[in-house]
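Hi everyone, thanks for coming.

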Amino acid sequence: MADCLFCKIREGEIPADIIFENDDMLAFRDVNPQAPTHVLIIPKKHISTVNNLEESDEAIMGKLFLTAKLIAAQEGVSDEGYRLVVNCNEKAGQTVFHIHMHLLAGRAMIWPPG
Ligand code: AMP
């Protein structure tokens, strides 16, 4: 997608602190971290929001969670705990319209979230 920030990171057109990559997924550190560990995990396929998911994306969304599990282990936060967040559209706070999962860890999380 031409005007998508995360597609540009995927293509290497915009630099990012990439910590994991395979055929389907890319993970990099959030530029404005909200916790000591704040990683964004994206499918390489451009999908704008959860609302745009199709049945054929089922496997990719499974891989997104499995990648989150792997990154949590890689970051050493599996046992202490971490929060996974996916924002959908403006009211939820989505600012980049390429599906991504936030992995937040390293501090106590409050509930309800802001
Ligand atoms: P969301 O608000 O859920 O759409 O999350 C978008 C996230 O992308 C925010 O947490 C931003 O801090 C983060 N972000 C924006 N630009 C970049 C960038 N160039 N590299 C890494 N993270 C970014």
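Which atom in the side chain of His102 faces the ligand, an N or O atom or some other kind, and how many Å from it is an oxygen atom of the ligand? Keep in mind that this is a predicted model. In it, an N or O atom of the His102 side chain sits 2.8 Å from a ligand oxygen.

As for the ligand's surface, on its own it has 510 Å² of accessible area, and the protein covers 83% of that.

Now let's step back to the whole site. The ligand sits in the second largest pocket, with 16 residues around it. Those that come nearest are Asp30, Asn87, Gly93, Thr95 and His102. Sorted by class, the shell has 7 nonpolar, 7 polar and 2 charged residues.

Where do these residues come from? Helix 1 gives the most, with 3 residues.

Those two elements bring me to my last point. Searching the whole structure turns up 1 aromatic pair. Its members are Phe6 and Phe28, with ring centres 5.3 Å apart and planes at 75 degrees, so the pair counts as edge-to-face. Because Phe6 belongs to helix 1 and Phe28 to strand 2, the pair ties together parts that are 22 residues apart in sequence.

Definitions and conventions. Residues numbered from 1 in each chain as written. Predicted model: local features only at pLDDT ≥ 70, side-chain atom pairs only at ≥ 80, totals over all residues. Heavy atoms only, no water. Near = heavy atom within 4 Å. Polar contact = N/O pair within 3.5 Å; in protein donor to acceptor, adjacent residues only side chain to side chain. Areas by Shrake-Rupley, 256 points an atom, 1.4 Å probe, with all protein chains shown as cover. 1 Å grid on protein atoms, 1.4 Å probe; cavity = no way out; pocket = protein on both sides within 12 Å on 5 of 7 lines; lining within 4 Å. Sits in = over half its atoms within 2 Å of the grid points. Helix = DSSP H or I, 4+ residues; strand = E, 2+ residues; numbered from the N terminus. Nonpolar A, V, L, I, M, F, W, Y, C, P; charged D, E, K, R; others polar. Phe/Tyr/Trp six-rings, centres within 6.5 Å; stacked < 30°, edge-to-face > 60°.
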